[in-house]
Amino acid sequence: MSKGDTFENDLMKLIFSATAIANIADNAATSPLTNLFIALHTADPGETGSQTTSEAAYTSYARVSVARTSGGWTVTANSVSPVANISFPAGTGGSGTVTHWSVGTATSGTGKILYSGTVTPNITTGNGITPILTTASTVTED
């Protein structure tokens, strides 16, 4: 079983750009998310993980919010990518290697992961390093 290509694209637009799917889903919740929160991970958080699972912990790390609009995300052909590079706070200490990233629902704490994937090449974090996910970072629905 699989989703149709048009529906896959519609689903990505609903999640990332808050665009309704006619006669199926809308964004009319009492308090819909206006941002999605991007986290970095030092290992795969897996399908049962949360945004805190293996989350990066270098000094001054914080998740970065990206608007749920067409100004925050580009959705094309069942794939989504950020409109602009996502820059995380520069490290002021600590270290680690970022191998995965996730898109989730919380600015901090547990947070539900909507999508996660690998970071290639991996990013070594530490003092003076600013991790960046580029506009080539994609999530594909298939």
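**View 1. Phe16, Trp73 and Tyr115 make up one aromatic cluster.** The model shown here is predicted. By the ring-pair rule, the structure holds 4 aromatic pairs. Phe16 and Tyr115 form a tilted pair, because their planes stand at 35 degrees with the ring centres 5.7 Å apart. Phe16 sits in helix H1 and Tyr115 in strand E7, so numbered by DSSP runs, and the two are 99 residues apart. Both Phe16 and Tyr115 are buried.

**View 2. Tyr61 and Phe88 form a stacked aromatic pair.** The ring centres lie 6.2 Å apart, with 15 degrees between the planes. The angle counts as stacked because it falls under 30 degrees. Tyr61 belongs to the loop between E1 and E2. Phe88 belongs to the loop between strand E5 (86-87) and E6. The pair therefore ties together parts 27 residues apart in sequence. Phe88 is buried, at 3% relative accessible area. Tyr61 also counts as buried, at 15%.

**View 3. The largest nonpolar core brings together 26 residues.** Phe16, Ile38, Trp73 and Phe88 have the most contacts inside this core. Helix H1 (5-17) supplies at least two of the core residues. So does each of the strands E1 (35-41), E2 (64-67), E3 (73-76), E6 (96-104) and E7 (113-125). Two of the residues with the most contacts, Phe16 and Trp73, are also members of the aromatic cluster. Phe88 is the stacking partner of Tyr61.

**View 4. Strands E3, E4 and E9 form an open sheet, in the order E3-E4-E9.** Pairing in this sheet of 3 strands is antiparallel. Strand E4 (residues 79-82) is joined to E9 by 2 bridges. Ser79 has Thr140 as its bridge partner in E9. Helix H1 lies across E3, E4 and E9. H1 runs at about 170 degrees to E3.

**View 5. Ser81 is a buried residue of strand E4.** Its relative accessible area is 14%. That value counts as buried because the cut-off is under 20%. Which residues is Ser81 in contact with, leaving aside neighbours within four places in sequence? They are Gly72, Trp73, Thr74, Thr135, Ser137 and Thr138.

**View 6. Glu141 and Lys3 meet in a salt bridge through their side chains.** The N to O distance is 2.6 Å. Glu141 lies in the segment after strand E9 (139-140), and Lys3 in the segment before H1. The pair links distant parts of the chain, 138 residues apart. Lys3 is partly exposed, with a relative accessible area of 35%.

**View 7. A salt bridge also joins the side chains of Glu55 and Arg63.** Here the N to O distance is 2.8 Å. Arg63 counts as buried, at 10% relative accessibility. A search of the whole structure finds 2 salt bridges. Side chains of opposite charge can pair when their charged atoms come close.

Terms used. Residues are numbered from 1 along each chain as its sequence is written. This is a predicted model: local features need pLDDT of at least 70, side-chain atom pairs count only at pLDDT 80 or more; totals for chains, interfaces and linings use all residues. Side-chain values use heavy atoms; hydrogens and water are left out. A nonpolar core is a set of buried Ala, Val, Leu, Ile, Met, Phe, Trp, Tyr and Cys residues joined through side-chain atoms within 4.5 Å. Buried means under 20% relative accessible area, exposed over 50%, partly exposed in between (1.4 Å probe, protein chains only). Helices (H or I, at least four residues) and strands (E, at least two) are DSSP runs, numbered from the N terminus. A salt bridge is a side-chain nitrogen of Lys or Arg within 4 Å of a carboxyl oxygen of Asp or Glu. Two strands pair if DSSP finds at least two bridges between them. Contact means heavy atoms within 4.5 Å. Axes are lines fitted to C-alpha atoms, for helices over the stretch in contact, and angles run from 0 to 180 degrees between N-to-C directions. Rings of Phe, Tyr and Trp (its six-membered ring) pair if their centres lie within 6.5 Å; planes under 30 degrees apart count as stacked, over 60 as edge-to-face and the rest as tilted.
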